[in-house]
Amino acid sequence: MNRDARRDLDAICNQESFPAATLTQLERLGDLSQELALAIEQASTKKRWGCVCRLVWVAQRFPNHSLVPVLVRLLDAREDDTYLEAIVDALAIMPESEAVGSLTRAISYRLPGDDLAFHFNKKVIAALSGIGTDAAIAGIRVALN
């Protein structure tokens, strides 16, 4: 495990916001997908939803398909609404057929405070569209109905 990556990811979780310099530091460390996946898992186990959301934002900045399984598990668990939109955004950046089932199920989610135009659901449809498989297209058809 990369101790520098772990230190920086912990700092991201323990701050209300994080400076762009932190992301630059992480960028210099190379592939941190393993550390990032572990940090997301640990934060979700501790139900630190703000931390999970910030780490998913980091995942968007450093997309790696090995992060998809942890993102899919969180989307399916739907333990807190805080991180759902960030996960869908991340899955749109990392289109994998492995996410189709979770995204299709997420079409029916209604987020508190979401506008009446179904902003979240449109993001889910866009993520499915980016995957583009037959199963993803079938998920979009579910949304249209």
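Is Ala-11 buried, partly exposed or exposed? Ala-11 is partly exposed, with a relative accessible area of 27%; the classes are buried under 20%, exposed over 50% and partly exposed in between, using a 1.4 Å probe and protein chains only.

## Model and confidence

This is a predicted model, in which local features need pLDDT of at least 70 and side-chain atom pairs count only at pLDDT 80 or more, while totals for chains, interfaces and linings use all residues. Residues are numbered from 1 along each chain as its sequence is written, and side-chain values use heavy atoms, with hydrogens and water left out.

The pLDDT, the predictor's confidence in each residue on a scale from 0 to 100, averages 89 for the protein. A score of at least 70 is reached by 94% of the residues. Confidence is highest in helix α5 (residues 68-77), at a mean of 96, and lowest in helix α2 (residues 20-28), at 78. Helices are DSSP runs of H or I with at least four residues, and strands are runs of E with at least two, numbered from the N terminus.

## Nonpolar core

A nonpolar core is taken as a set of buried Ala, Val, Leu, Ile, Met, Phe, Trp, Tyr and Cys residues joined through side-chain atoms within 4.5 Å. The largest one has 50 residues. Those with the most contacts inside this core are Leu-36, Leu-55, Leu-71, Leu-75, Leu-91 and Leu-103. Helix α4 (residues 49-61) gives the most to the core, with 8 residues. In soluble globular proteins, nonpolar side chains tend to be buried together.

Contact here means heavy atoms within 4.5 Å. Beyond its neighbours within four places in sequence, Leu-91 is in contact with Val-68, Leu-71, Val-72, Leu-75, Ala-99 and Leu-103.

## Cysteines

A search of the whole structure finds 1 disulfide, the criterion being a pair of cysteine sulfur atoms within 2.5 Å. The disulfide is formed by Cys-13 and Cys-51, with their sulfur atoms 1.8 Å apart. The pair links distant parts of the chain, since Cys-13 is in helix α1 (residues 3-13) and Cys-51 in helix α4, 38 residues apart. The torsion about the S-S bond is about 55°, so the disulfide is right-handed.

Both partners are shielded by the criterion above: Cys-13 is buried at a relative accessible area of 7%, and Cys-51 is buried at 3%. Cys-53 is also buried, at 7% relative accessibility. Its closest cysteine sulfur belongs to Cys-51 and is 9.9 Å away, too far for a bond.

## Helix α9

In helix α9 (residues 134-144), the buried residues include Ala-136, Gly-139 and Ile-140. They lie on the same side of α9 because they cover an arc of only 100° around the axis, the arc being that of the directions from the helix axis to the C-beta atoms. An α-helix has 3.6 residues a turn, so residues three or four places apart point the same way.

The face turned away from the buried side of α9 carries the exposed residues Asp-134, Arg-141 and Leu-144. Helices α7 (100-106) and α8 (119-131) are among the elements that cover the buried residues of α9.

## Polar contacts

A polar contact is a pair of N or O atoms within 3.5 Å; within protein, one must be able to donate a hydrogen and the other to accept it, and residues adjacent in sequence count only if both atoms are side-chain atoms. Gln-60 is in helix α4, and a polar atom of its side chain lies 2.9 Å from the backbone oxygen of Ala-86. Not counting residues up to four places away in sequence, Gln-60 touches Ala-86, Asp-89, Ala-90 and Ile-93.

Ser-33 lies in helix α3 and is buried, at 9% relative accessibility. The side chains of Ser-33 and Asn-64 make a polar contact at 3.5 Å. With neighbours within four places in sequence left aside, Ser-33 is in contact with Asn-64, Ser-66 and Leu-67.

## Loop residues with positive phi

Lys-47 is not a glycine but has a positive phi of about 60°. Lys-47 lies in the loop between α3 (33-45) and α4 and is partly exposed, with a relative accessible area of 47%.

Arg-78, another residue other than glycine, has a positive phi near 45°. Arg-78 is found in the loop between α5 and α6 (84-93) and counts as partly exposed at 36% relative accessibility.
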